[in-house]
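Trainee: Could we go through this structure together, with each label set against the rule behind it?

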Amino acid sequence: QLQLVESGGGSVQPGGSLRLSCVASGGFGVDSYRMAWFRQAPGREREGVACISRGGGTNHVDSVKGRFMISRDIAKNTIYLQMNNLKPEDTATYSCAAGPNWDRGVLGCTSQWPTVPYDHWGRGTQVNVSS
């Protein structure tokens with residue numbers, strides 16, 4: 001059973017940076033799945049933030065493009081979310097997720113990637129952005 005453990009959250013001022021990590025264990029490597037970061041703020045629905053496919057293709061939600069970047073280290077079985085120029089509206093619990101690279105007609109990180117089910121989830125790490 002694949003297990004995902006996130007780390008790297010914390011409290012920062014607006015304009016600051018954080019790098020989140022998600023270590024995978026107990027299953028196949030991170031390059032065997034569609035991997036993604038989601039976030040959820042209190043009172044709001046969960047939102048897909050960034051995705052990386054088996055082949056390494058990436059996609060980011062418009063609100064974070066140019067500020068956040070998803071990446072992976074296959075040797076470390078880890079995916080990352082580099083977050084720069086953080087804003088108060090980025091405050092949320094960030095979770096990583098893994099699922100099949102092809103599911104319900106959605107391949108990799110094409111536009112519908114946030115809508116397909118993900119089989120494996122981490123518990124999340126909290127990010128707070130405030131002055």
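Mentor: Let us begin with the salt bridge, which is defined as a side-chain nitrogen of Lys or Arg within 4 Å of a carboxyl oxygen of Asp or Glu. This is a predicted model, in which local features need pLDDT of at least 70 and side-chain atom pairs count only at pLDDT 80 or more, while totals for chains, interfaces and linings use all residues. Residues are numbered from 1 along each chain as its sequence is written, and side-chain values use heavy atoms, with hydrogens and water left out.

Trainee: What makes arginine 104 and aspartate 103 a salt bridge?

Mentor: Their closest N and O atoms are 3.0 Å apart, and the rule asks for a nitrogen and an oxygen within 4 Å, so the pair qualifies. The structure holds five salt bridges, and another of them joins lysine 65 to aspartate 62, with closest N and O atoms 3.1 Å apart.

Trainee: Which parts of the chain does the pair of aspartate 90 and arginine 39 link?

Mentor: Aspartate 90 forms a salt bridge with arginine 39, the closest N and O atoms being 2.9 Å apart. This pair links distant parts of the chain, since aspartate 90 lies in the loop between E8 and E9 and arginine 39 in strand E4, 51 residues apart. Strands (E, at least two residues) and helices (H or I, at least four) are DSSP runs numbered from the N terminus. Aspartate 90 is buried at 1% relative accessible area, and arginine 39 is buried at 7%. Salt bridges that share partners join Arg39, Glu47, Arg67 and Asp90 into one network.

Trainee: What makes cysteine 51 and cysteine 109 a disulfide?

Mentor: Their sulfur atoms are 2.0 Å apart, and a disulfide is a pair of cysteine sulfur atoms within 2.5 Å, so the label holds. By this rule the count comes to two disulfides, the other joining cysteine 22 to cysteine 96, with an S to S distance of 1.9 Å.

Trainee: How do you know whether cysteine 51 counts as buried or exposed?

Mentor: Cysteine 51 has 0% relative accessibility and therefore counts as buried, and cysteine 109, at 11%, counts as buried as well. Cysteine 22 is buried at 0%, and cysteine 96 is buried at 0%.

Trainee: How many aromatic pairs does a search of the whole structure find?

Mentor: The search finds four aromatic pairs. The rings of phenylalanine 38 and tyrosine 118 have their centres 5.3 Å apart and their planes at 75 degrees, so the pair is edge-to-face. The rule is that rings of Phe, Tyr and Trp (its six-membered ring) pair if their centres lie within 6.5 Å, with planes under 30 degrees apart counting as stacked, over 60 as edge-to-face and the rest as tilted.

Trainee: Why is the pair of tyrosine 118 and tryptophan 121 edge-to-face?

Mentor: Their ring centres lie 6.1 Å apart with the planes at 70 degrees, so this pair is edge-to-face too. Tyrosine 118 is buried at 7% relative accessible area, whereas tryptophan 121 is partly exposed at 31%. Phe38, Trp113, Tyr118 and Trp121 form one aromatic cluster.

Technical notes: Buried < 20%, exposed > 50% of the residue type's maximum accessible area, 1.4 Å probe, protein only.
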